[in-house]
Amino acid sequence: MPAEAKEKISESLRSHSFAVVASFISPSLVKALGEEIETLFHSGKLRPAAIGRKEKTEVHSDIRRDLIYWLEEEEGSQNQKELLNALESLRVHLNHSLFLGLETLEGHFALYPEGAFYQKHLDRFQDDDARVVSVVLYLNETWQPDWGGELRLYRGD
């Protein structure tokens with residue numbers, strides 16, 4: 001991941017609490033990951049997304065209807081490992097530049113078929129006060145606004 005992208009992210013997080021960076025991941029990796037999620041989808045390896053954690057995860061189709069595939073560095077493809085390495089590099093950079101104390105990293109592919117959604121939510125568990133930085137990486141190169149599916153960020157209440 002380019003150092004300029006990491007610095008742009010940390011500066012934007014510092015001043016705005018969010019960042020939009022087009023150069024975060026190379027276009028060739030984005031394309032390869034997009035092809036991977038398509039293959040995973042067609043091979044039936046994506047699962048309905050759940051909410052909660054550990055033994056308390058439950059599928060609630062009234063809250064979210066996306067399909068997911070958890071990324072595991074040991075079992076993942078070379079492309080997935082490259083993505084996880086870039087995210088780990090970002091985690092370390094943010095800890096150094098913003099003193100965030102981010103301890104862990106997890107990631108998954110999410111596919112939103114037509115009609116799928118994820119209701120307004122916080123990217124953190126109710127019983128966990130650890131700091132969280134969420135990253136969204138769009139893998140669909142030809143997305144059009146009239147398809148819907150924009151990410152909305154809410155500040156404060």
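User: In this predicted model, how many residues does the largest nonpolar core have, and which of them have the most contacts inside it?

Analyst: In soluble globular proteins, nonpolar side chains tend to be buried together. Here the largest nonpolar core has 26 residues, and those with the most contacts inside it are Ile-9, Phe-24, Ile-25, Leu-94 and Phe-109. At least two residues of this core are supplied by each of α1, α2, α3 and β3, and the largest share, seven residues, comes from α3.

User: Taking Ile-9 as an example, which residues is it in contact with, leaving aside its neighbours within four places in sequence?

Analyst: With those neighbours set aside, Ile-9 is in contact with Ala-19, Val-21, Phe-24, Leu-90 and Leu-94; of these partners, Phe-24 and Leu-94 are also listed among the residues with the most contacts inside the core.

User: Why do Ser-17 and Phe-99 count as exposed?

Analyst: Exposed means over 50% relative accessible area, so Ser-17 counts as exposed at 57%, and Phe-99 is exposed because its relative accessible area is 67%.

User: Where is Glu-55 placed, and what separation is there between its C-alpha atom and that of Ala-32?

Analyst: Glu-55 lies in the loop between β1 (47-48) and β2 (67-70) and is exposed, with a relative accessible area of 68%. Its C-alpha atom and that of Ala-32 are separated by 33 Å, the two residues being 23 residues apart along the chain.

How values were computed
Residues are numbered from 1 along each chain as its sequence is written. This is a predicted model: local features need pLDDT of at least 70, side-chain atom pairs count only at pLDDT 80 or more; totals for chains, interfaces and linings use all residues. Side-chain values use heavy atoms; hydrogens and water are left out. Buried means under 20% relative accessible area, exposed over 50%, partly exposed in between (1.4 Å probe, protein chains only). Helices (H or I, at least four residues) and strands (E, at least two) are DSSP runs, numbered from the N terminus. A nonpolar core is a set of buried Ala, Val, Leu, Ile, Met, Phe, Trp, Tyr and Cys residues joined through side-chain atoms within 4.5 Å. Contact means heavy atoms within 4.5 Å.
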